[in-house]
Amino acid sequence: MAAFIVRMGPLLVLWLAVFLSGTWAVDRGNFKTCDQSAFCKRQRALKPGQSPYRALLETLELTNTKLTLQLINDNNKVRLLLELYRLQGNMTRVKINELKPLKPRFEVPDVLINDPPTEPLSLLSQDENGVVLSLGADSQWLIVSAKPFRLDIMEGREVLLSLNSRGLLAFEHLRIRKDTQVDPEGAEKKEETDAANEPAEGETAKEDGMWEETFKSHTDNKPNGPSSISLDFSLPGVEHVYGIPEHADSLKLKTTDGGDPYRLFNLDVFQYELFNPMALYGAIPVMLSHSAQRTMGIFWLNAAETWVDISSNTAGKTVFGQMLDYVQGSSETPQTDVRWISESGIIDVFIMLGPTPTDVFSQYSSLTGTQAFPPLSALAYHQCRWNYNDQEDVAAVDQGFDEHDIPYDFIWLDIEHTDGKRYFTWDPHKFPQPKDMLQGLVDKRRKMVTIVDPHIKVDSSYKIHNEIRSKGFYVKNKDGGDYEGWCWPGNSGYPDFTNPEMRAWWASMFAYDQYEGSMENMYTWNDMNEPSVFNGPEVTMHKDALHGNWENRDLHNLYGLYVQMATAEGLIERSGGVERPFVLTRAFFAGSQRYGAVWTGDNTAEWEHLKISIPMCLSLGLVGVSFCGADVGGFFKSPSTELLVRWYQTGAYQPFFRAHAHLDTPRREPWLFGPENTALIREAVRQRYALLPYWYQLFYHAHHSGQPVMRPLWVEYPQDTATFSMDDQFLLGRDLLVHPVTEEGGRGVTAYLPGKGEVWFDVHTFQKHNGAQNLYIPVTISSIPVFQRGGSIIPRKARVRRSSSCMEHDPYTLFVALSPKRFAQGELYIDDGHTFNFDKQKQFIHRRLSFANKALSSRNLAPGSQFITPSWIEKIVILGASKPSKATLKTPDGKENLLEFEFDASMSVLTLRKPGVNAGVDWTVVLQ
Amino acid sequence: MFTNCSLGHCHIIVAVVLWSICVDSRKIRGISLSYKRFYRERKSFLCIDGSKMIPFDQVNDDYCDCMDGSDEPGTAACPTGRFYCTNLGYRSHYIPSSRVNDGICDCCDASDEYRSQTPCQNTCRNLGQRERAEVEGQTRVLGERLRLKQLLIEEGVLTWREKQAQLRDLQRVSDDLQTQLDDLRKEEARRKEEADALREREIGARETADNSPTSHYRPESPISVFKELDSNRDGSITVDEVQAKLSPVQDEEHALSEDEAVALLGGAHRVDLSRFEETLWTSLRTGDSVTIKGRRGVPGSLADEDPNIKAAVSAAEKASADLKRVEDAYETVYMEIRDLREKLSIDYGSEREFLFLHDQCFQLKVYEYIYELCPFSQVTQKSASGEVVSLGKWGSWAGPPENPYCQMRYESGEPCWQGPTRNTMVMLICGTETALRSVKEPSKCQYVMELQTPVSCQPALRQRGVHSEL
């Protein structure tokens, strides 16, 4: 019976998946399933078993930096070259390419920030079965088994991760088409393929889609033939894997048995559905695994269409089945198996061995860089709509915010602001004086973002088009002409952003004298950069379009990254390298974090979409992209007032905070829903502004060390298995826990407060709660539950003004939440908020705030840095305090001042009045 | 956006405030004269809400002590505080405390930016002068506008009376027509009865009469006439046969020419029975051009034979025509009354001041579109290609309860693609001319227009004062 249940589990899942997938398909027909993608179908048909690959140990070469070794496929005798690197920071790189490919295979450029520094590998032992290499000091080994070929990474006697243990390494070597071509290399080649135990080419080639495949009305010509690659990874002891965004799915990745694999292929998906593995606008081929013992990461550096299969030996089991295993002692170790399949390129995979989440973040950011440090104002509130119609409209909305005393920093202009969707231009009737408009915003210390998409109207009277065409900068079609497709302007060309010369030219277009009507307070939004091609296959570019020598097939997922890269470079250049850029992108790839912010695309004004914004941004944060947000209110459709309010409350605690709405929806500026709702939205936005010092500090850390801003609970509580699947609440940094209300008519939420022996303080009421408990919190419409961790110090600015710039010199209020041991620690980071001087000239203040032994002190964390701030410490609020008899402020000049204070005994809140000391100097407050 | 209408322009009278005598040696920043009493210098300060007592030197010390923000009227310290811009020479007002020293000049006297880097100029004097000039100008203009308004109201009153009179006249006409209708209906019925009776009698007489083929009293069928004319019995009538048997009505001796005969046969030289019915038979029936030789009158008719019947029938026809004419007239009048009643039932404002807009239309060209507003009727948009789209039909007044006549709503226009129906909100603003001033589409298919008219002008409100220069 038990066995029956165990077996029926997966079957039931399979049956449900098949049954359900047919029923709510709305637009799915526009997008491929694995079965409709020829290489995915071919690869997935290959089942686990004995690998045909064998390591030729006699070819082993070990140098200071790497080990190389040839592999042979015993079925077709094609040889591969394996390269193994031990990278600094506890990483292993595994590269597999054809030993002698017919022509070079694509290797992804511009994603790694440098050639990753290596560490020497040492050979521990070698025999005819394989070799054992030492991976440095942590008693870690890499075992290369020869027949069949597999790699195992061990720590002590424990296997951390195995490659090709299921025999799914498959490398479609480049070949000459047999049915039509005369083989130029003659007999030698022929021999090889004769021996191959692969499907005969020719008749079956077409049905396998090796040389051509058709989807809907589009035919993909494949002059290079089959080129896909695949490799499996086994993770013993792992039941939870995360990452590989972008998918509208839960944080914890699901097994894909019986359904489609997770797909990574940048696509413009109209009205995307939730909770499925379909591809969306961006792709980051990075997966994290986590167990109570260890966190690791797999970075599959490949920019072609990619599918990821996940299976697990425990996922299908019922609780009863698992218990039975336990009782009978027959339990196998839980294990997750992952398989990556890409259409072209090479296998180039980075295994990040952790062991902690923090380590994995550092490891990944050492490869691809960290989050761009945004201008402080970009962390404030953004007001967007498709479209603000004209200058008058912009002025009226700006005025509306002041009349209703709601802060905002950026107002956005969507595509209608241009002259006929010609980017870098203005509609002459609606925006005749853009500089006047921008100056109006400067006067209010506010900013603007205009949209610049990568599709360029084919129009011989349009300067941008003419220049791109004459310079030969457009992507080419398979026949060598300029590739053209339909997008907003009608017939459009697509600049080849993979070309560095093109990017340099594009960047130069943002110069103030090139982009007419632009000013210092105008920033940029790159939309549609998957790229979106309305009449293309799957609404994107034909895979046989050419970027120089490479097909779009090889680098599709990189296009969006390059667009944002070139745009951000333009914004830096126009300021002479002084100002930090701000660029929002919809498409992205590994490394995109270096160029700005991303958002989750065209979502819908529904409660489920509010809910999914949490796991979608958490997943992105885990793989480097911290600056993430969802359209507040939902893009399509019109939100109910309650949903809008709840979305503002949630968005205020997510990194990128922008309201946006579709052209067809009624206006929804915050004051259009009656005074009560205006007040609720005002309060949500004000909470965001008050917390900006903390947000800025978190982004400084994200920039500095690659730690995500918005974190799943397990990142900070890696041993607490209760947190592993949680995605209805999240942490900001370590110290704030946010549990949004995402249920219509919600009267309460159950929040999980982690940490045995820890305490959490409700930031609204200062009430203290114990950690390691599920806590039911009644809620009203006025706010969502937010908690500050006992043991932390969070700086805020209590004087919320019209824009973040207006608050620049304001004083700080420190919220000190004491741990049960009467201890707390925090930081304060201050710089000018918008230039690179923090980096180039070390102009910043970074201080450690700590409370211990009844004394709160501020000391310098960055002695080499210098910055002068007029900001001072206005107030110190100590939560969980006891009443002192006196409070003394000591400053470095030796002065001592008694501070006035108030003590609220019912909540144990001590408020120290006006220390008044400058925020950039050393000081101590002693309580007695 | 649509809920507030200003009641005309805010007009300011110059109020000389006797405040110089009250200026204290020690100024508490950010308070108005009327609040000065709360800030008399003592040892301590009581928050205005009474919640807390603090040392006086904590007033305006850039730290918020009072929940109500009253201890920091001159700084940005209190989230709920407000700062009083004295704006000597211009209009005083409050700003939120958060706008104090935020680098943006809010008070024209620059008093809000006393500690920021931003150099603010005192512009109150200029603003005051400009505003006073404007006010004076506007007062003059306003007088003119109000005069125009009065004229339009009077015009409206006249129109209203006229329409009422017209309605009464129409009502009278309608009543007359009703009486006539009654009479004519009876007359028509009577005449018809008479004619019918005569006819019945005649038919009865004929049925008993001689049955000879040449009898003039038997109604003839096309077949019998066809057979009569088809002399050679070949099933068709030829030109020869026509010439032989028919003659013009006026002159029986005259023979028909070949061309005339061909014309009678519809352009043919030979016709069968069915063509005959369509051509010659029709001519014979009307009886005004040709007739069968030796025969009088029109075949198939009997009325013309008996002058009595003929008279009765024509009398009945006349009665019927008279009735029809009067019925039509009644219908027209009825419609006019209905339209007029509908028109008169619309709310034209408390003094019917908007009545004059009825029957007028106003146009405005914005980019490639021409917008047309016909008040109390409809709003349309005409594209360059000539396509006309309805942006809404008259719905109702839509201003706030205290001033309902400052907005009009037009609804249920043409539906939008994937959206609701188009509608238009018309904002009425004060101006000399009556004209459409602007058209906007803030959300897709939701239009907002500004209609300027003197009727929307209000007498100056004496609300706020301007400090004179001291």
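1. On the chain B side that touches chain A, strand 16 (residues 435–443) gives the largest share, 4 residues. Strands here are DSSP runs of E, at least two residues, numbered from the N terminus.

2. A word on the source: this is a predicted model, where local features need pLDDT of at least 70, side-chain atom pairs count only at pLDDT 80 or more, and totals for chains, interfaces and linings use all residues. Residues are numbered from 1 along each chain, chains are lettered from A, and side-chain values use heavy atoms, without hydrogens and water.

3. How much do the two chains bury? About 2,500 Å² between them, with 41% of it on carbon and sulfur atoms (accessible area, 1.4 Å probe, lost on being put together and summed over both). The contact (heavy atoms within 4.5 Å) takes 31 residues from chain A and 26 from chain B.

4. Now for chain A's open sheet: 6 strands in the order 35-36-37-42-39-40, with antiparallel pairing (strands pair if DSSP finds at least two bridges between them). Strands 35 (710–711) and 40 (768–770) of chain A each have a single partner strand, so one side of each lacks a neighbour in the sheet.

5. Within that sheet, 3 bridges join strand 36 (residues 730–732) of chain A to strand 37 (residues 736–738) of chain A. Phe730(A) has Val738(A) as its bridge partner in strand 37.
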